[in-house]
Amino acid sequence: MQKLKILILFYLLLIDYCAFAIDKNCNNRIIYEVIPMPQEIEYRKGNDFVLTNSTEIVYCQCDSMQYKNAHFLQRYIQEKTGWQLRITNSLDRINNSIVLRSDLSCENKEAYQISVDPDNITINGASSAGTFYGIQTFYKTMISLECDGSEIFFPQVLINDYPRFGYRGVMLDVSRHFFPVSFIKEFIDILALHNINRFHWHLTNDQGWRIQIDSYPLLNSVGSARKNVVINPKNAYPEKDGNIYGPYYYTKNEIREVIKYAKDRFIEIIPEIDVPGHTMAVLAAYPELGCTGGPYEVANSRGIYHDVLCLGNRHTYDFLYNVFNEILDLFPCQYIHIGGDECPKTRWRECPKCREMAARLSIDVDNLQAYMVSFLEKIISDRNKIIIGWDEIINDQVPKSTVIMGWRGINASVKAARKGYNTIMTPNSYMYFDYAQNRDIENSPISMGNYLPLEKVYSFEPFDIELSDQEKSKILGVQANLWTEFIPDEKTVELMLLPRLDALSEIQWTLPEKKDYKSFLNRLPSILSFYKDKGYNFAKHVYDVHFETIEKNDKICVSLSTMGDAPIYYSLDGSIPSQKSVLYDGTPVVIDKTTVIRAIAVRDDVVCIPQEILFDYNKATNKKIISNSLKKNELNRMKQLVDGILGSSNYRDGNWVLFDRDNLDVTIDLGKIEEVSSVNFRTNIRLDNRVFGPSKLVVSVSKDDKDYKPVLEKDYPEIQRDTEIGIRDLTESFEPVKSRFVRITVSKLANVPDWHRSKGLRTLMYIDEIRIN
């Protein structure tokens, strides 16, 4: 009898589960798992709330923002259903309504709660901003619906949600390429959808001044236009097309219009006026503000220019005072960004005025930038605003009230926090959305060449480095940056932004223990369908096949996966895969010889591009490799040199190893004594990014790892300005010799030669697979 009861109970539970599972996939039944993932979702049993064209939107008339929130919600629902729901502020009789409140008791004023029962949906924020974020979550539950005018069912639920970070930002550079107000508004709409509350507007740089300044009109008539637009940025000295770009800038009325538009969406705009470096546009308009007096031109290509503001000139400080006061009058924001990055001190060291000013202040001439930061901090703090600067401005003379934006890696913000500064994390290796999303940069839009796929963005964890609670409290939030040197139009902005912005939003909003990349990928198709409906040009790489390599029993195994578990077909014979190829069954593919594995995911609505990995098996593949530099944490990096995987043309695709300060110096243990007669390695040359080839190769061999005999020494010619860029496959042979240990040293050119625009800086060298035969 007891067994029968258990079976009946199990059967009833199974029926209940199956009914829920079927309803959950119904086109008109809502699923609450959106991006960013809410902190708490508690599903409840019982009847659904049914949204119809007679449902009302009821708002508590506590402030004007709730009225605007109600109209946002009305517009969102009309967009998906065609229904224009009635809006009322009467709370007397509420039934079949969506109720907007802002009296949730929570210390975090951006928190919200969504409560769904059969009678009503209540969205209650700890402020009007919290209510707005609740509305965004509500909207995102609907965005993938294909509503045909029928009812929409909302299961009973209680959602409690709040952001992890108070500062959630995105930067758009409009100085390199200008974007009209209409697109800036679209950009702000996209930010709002992702619960982002700061729009960092990079308005000035060497390549253009983009904001009206009444006291210095030449900034707009001269500084907002440039000639000789770059059309081929893939070498050290790009070609130019001879056209004029501009004049382009925003009037103050346009700025006010955008500020209001953003405020209605609870987004604060942070303007950036970049000083004292990146000011060629300023100097072209007002050459007397430079150390040499010019003549100067607005920059027409990317790079770091030695001509900067003269900080020994009193007129420079008048300029800064007047410009920043106009900015302060215009922007009603908490933060003002002053830039401060990549400022060479060369001109100051040569300038009599700068040397005299430094002597008068009893500081080193290089510390004039810290003096300028303090000067601006006083102006800005007197107006009850807070100054932000890039991490280069960290200096003992810079006030601790300054906020540091750390872009040169995670450690930049860690350093700032440990020195007592509040900081915003925007490390370029994770948060620079101008970096490529595809390994195949030759067949992708021009980018900075770095490789930053969606998965890597999502993997960023601000507190991965060990920090004290006090240091963690200094990290205000996270921001992504979109620089536009190679992004000339709106569709390319969208492409570089989406869907990496979705990964960013979950970093900024969701607690780390709630994050899960597989779950994220399962939630992503819904918002991708929304992008498609909106006509946004989002990157399609997320639909492609993802390869993961692992070592197993001294062999390489490759597992294949794709978003949504679409069928995957692959080939190992060099053919282009199709549905006639081998269907991947989940078992990792064993690679034990030189081959190329190609794979494709088959979907109804998206044409996927075949992905591939090249494997080159040789005597060094998967063998033990030792770094002779004696540096810690070198093993994993050096193992990439013998993992058998050949890198793509993108030298930052994760398969190339960077040598910045040191040369390559490794020993490969072949495991047994073998005859060897050649060493092969690949290098990549990209002159515009200081990526040069090798200068020398030395090979030595040993049977016992003690007595080494040199077998090869080869000098390579120095790279010239007309050297062809791209991959070089270098094979060097020597007399056959029996050996177990092979020591390989590849030296790089120390400094960039004088003919290059980055002369004197360290060169970079990238090495791919080392092959021994």
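Visitor: Where does K515 lie in the chain?
Guide: This model is predicted, with local features needing pLDDT of at least 70 and side-chain atom pairs pLDDT 80 or more, while totals for chains, interfaces and linings use all residues. Residues are numbered from 1 along each chain as its sequence is written, and side-chain values use heavy atoms, without hydrogens and water. Helices (H or I, at least four residues) and strands (E, at least two) are DSSP runs numbered from the N terminus. K515 is placed in the loop between helix 17 (500-509) and helix 18 (517-534).

Visitor: Which side chain of opposite charge is nearest to K515?
Guide: Lys and Arg count as positive and Asp and Glu as negative, with His and the chain ends not counted. K515 is buried, that is, under 20% relative accessible area, where exposed is over 50% and partly exposed lies in between (1.4 Å probe, protein chains only). K515 has no salt bridge, a term for a side-chain nitrogen of Lys or Arg within 4 Å of a carboxyl oxygen of Asp or Glu. At 5.1 Å, the nearest side chain of opposite charge is E461.

Visitor: With which residue does E506 form a salt bridge?
Guide: E506 is among the residues that K515 touches, contact meaning heavy atoms within 4.5 Å. E506 counts as buried because its relative accessibility is 0%. The closest N and O atoms of its salt bridge are 2.8 Å apart, and the partner is R523.

Visitor: How many residues apart are E506 and R523?
Guide: R523 is also buried, with a relative accessible area of 5%. The pair links distant parts of the chain, E506 in helix 17 and R523 in helix 18, and the separation is 17 residues.

Visitor: Against which elements do the buried residues of helix 6 pack?
Guide: Helix 6 (residues 252-263) has 12 residues, and K252, I255, V258, I259, Y261 and A262 are its buried ones. These buried residues pack against helix 4 (181-193), strand 11 (198-202), strand 18 (268-272) and helix 8 (314-330).

Visitor: Which residue in strand 9 is the bridge partner of I114?
Guide: I114 belongs to the covered face of strand 6 (residues 112-116), together with Y112 and V116. Two strands pair if DSSP finds at least two bridges between them. Strand 6 and strand 9 (residues 157-161) pair in the antiparallel sense over five bridges, and the partner of I114 is I159.

Terms used: The expected span of a helix is 1.5 Å times one less than its number of residues. Lists of a residue's contacts leave out its neighbours within four places in sequence.
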